[in-house]
Amino acid sequence: MQTESDFFGEAATQCVTNMIAEMPSEYGEPLQLSEIEGMKQKDVAKRLGLSISGAKSRIQRGRKLLRKSITTCCHIELNRRNELVDGECRNSNCDCSQ
């Protein structure tokens, strides 16, 4: 049985995945591999033909772009451990509404 928490987690993951897909690929692809697929940064670098420092830089820039997209689009609530506990889309034109 799927709980409300499971459903919210799936919706948040889909929202983030959509936002990453809309990024320039030079930032979105490394971020997707690292954060969504769980690949180690050294493996991301190897797969994309980048230096390790280049991959780390692109992942960091991708995180900044993602943070900006999320704060523009959504109201989110985090707990003390910075875990997502609640959120809602504030903008019907953002990637959450797709």
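Me: How are helices α2 and α4 oriented to each other, given that their axes cross at roughly 95°?
Reply: In this predicted model, the axes of α2 and α4 come within 8 Å and cross at roughly 95°. Angles of 65 to 115 degrees count as roughly perpendicular, and α2 and α4 are therefore roughly perpendicular to each other.

Me: Which residues of α4 make the contact with α2, and how many residues of that contact are charged?
Reply: On the α2 side the contact is made by Glu 26, Tyr 27, Pro 30, Leu 31, Ser 34 and Glu 35, and on the α4 side by Arg 58, Ile 59, Arg 61, Gly 62, Arg 63, Leu 65 and Leu 66. Divided by class, the contact of α2 with α4 has 6 nonpolar and 2 polar residues, and the number of charged residues is 5.

Me: How are α3 and α4 oriented to each other?
Reply: The axes of α3 and α4 come within 8 Å, and they cross at roughly 105°. Gln 41, Lys 42, Val 44 and Ala 45 of α3 make this contact with Ile 52, Ala 55, Lys 56, Ile 59 and Arg 63 of α4, a set of residues with 5 nonpolar, 1 polar and 3 charged members. With 65 to 115 degrees as the range for this class, α3 and α4 are therefore roughly perpendicular.

Me: What is the handedness of the crossing of α2 and α3?
Reply: Helix α2 spans residues 25-36 and helix α3 spans residues 41-48, and their axes come within 9 Å and cross at roughly 140°. As for its handedness, the crossing of α2 and α3 is right-handed.

Me: Which element gives the largest share of the lining of the second largest pocket?
Reply: The second largest pocket, with a volume of about 260 Å³, is lined by Val 16, Leu 31, Glu 35, Ile 36, Arg 63, Leu 66, Arg 67, Ile 70, Thr 71 and Ile 76. Two or more of the lining residues come from each of α2 and α4, the latter spanning 52-73. By class the lining has 6 nonpolar, 1 polar and 3 charged residues. The largest share, 5 residues, comes from α4.

Terms used. Residues are numbered from 1 along each chain as its sequence is written. This is a predicted model: local features need pLDDT of at least 70, side-chain atom pairs count only at pLDDT 80 or more; totals for chains, interfaces and linings use all residues. Side-chain values use heavy atoms; hydrogens and water are left out. Axes are lines fitted to C-alpha atoms, for helices over the stretch in contact, and angles run from 0 to 180 degrees between N-to-C directions. Helices (H or I, at least four residues) and strands (E, at least two) are DSSP runs, numbered from the N terminus. A crossing is left-handed if the near helix is turned anticlockwise from the far one by less than a right angle, and right-handed if clockwise. On a 1 Å grid over the protein atoms alone, a cavity is a set of points where a 1.4 Å probe fits but cannot get out, and a pocket is an open set with protein on both sides within 12 Å along at least five of seven lines; lining residues have an atom within 4 Å of a point. Grid points are joined across faces, edges and corners, and a volume is the space filled by probe spheres set on the points. Ala, Val, Leu, Ile, Met, Phe, Trp, Tyr, Cys and Pro count as nonpolar, Asp, Glu, Lys and Arg as charged, and the others, Gly among them, as polar. Angles under 35 degrees count as roughly parallel, over 145 as roughly antiparallel, 65 to 115 as roughly perpendicular and the rest as oblique. Contact means heavy atoms within 4.5 Å.
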